[in-house]
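Trainee: I am new to this structure. Can we go through how its features get their names?

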Amino acid sequence: MGKVTIVVLQVVIAIALVGSVAVQALIAPLLWLDLGEEELWGRIVFVGIVIVGVATLQVFGICVWLLLNKVRRGSIFSESSFAPVNVIIGAILVAAALTWVLAAILAPGTTAPGVVALLGGAGVVLAGMALLVVVMKALLRQAIDREAEAQTLRSELDNEVI
């Protein structure tokens, strides 16, 4: 991956992080006020889902940023790369669970069934994305193993060549 691509991705992530903090600091309180006529538990749950859902995106962005730094340094094929990947998987699964909780809360109310079904489907798509990242983690494991094997073979050849 080229340096320009990495910088562009990091700029996009930085803008998204600033925007997400604005959502949590400005939009969530306005949402709380807008839901003033709803029951207190519903306001707490709905605004909580929004805040935690945005936090999952923030965690995802930070982990991708860390992985991009490893790519730029040429150290992506190391055991330390698994920590951010595991956190990404967890963040996506939390987002999926939040989506399903939101669908379950909205289902018995006046929300259109299609909206509830769309939310349920979005949760399934998020869970599928988590599975995709698990597959990519397995590919990273294989790449790390191949890199170690190649390094071993190089050192053996260096010792044999006169």
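Mentor: Start in helix α4, where Arg146 and Glu149 sit three residues apart, about one turn of the helix. Helices here are DSSP runs (H or I, at least four residues), numbered from the N terminus. This is a predicted model: local features need pLDDT of at least 70, side-chain atom pairs count only at pLDDT 80 or more, and totals for chains, interfaces and linings use all residues. Residues are numbered from 1 along each chain as its sequence is written, and side-chain values use heavy atoms, with hydrogens and water left out.

Trainee: What makes Arg146 and Glu149 a salt bridge?

Mentor: The term needs a side-chain nitrogen of Lys or Arg within 4 Å of a carboxyl oxygen of Asp or Glu. For Arg146 and Glu149, the closest N and O atoms are 4.0 Å apart, so the pair counts as a salt bridge.

Trainee: Why is Glu149 called partly exposed?

Mentor: Buried means under 20% relative accessible area, exposed over 50%, partly exposed in between (1.4 Å probe, protein chains only). Glu149 has 43% relative accessibility, so it counts as partly exposed.

Trainee: What makes Glu79 and Arg141 a salt bridge?

Mentor: Their closest N and O atoms are 2.7 Å apart. The pair links distant parts of the chain, 62 residues apart: Glu79 is in the loop between α2 and α3, Arg141 in helix α4.

Trainee: Why is Arg141 called partly exposed?

Mentor: Its relative accessibility is 31%, so Arg141 counts as partly exposed.

Notes: Helices (H or I, at least four residues) and strands (E, at least two) are DSSP runs, numbered from the N terminus.
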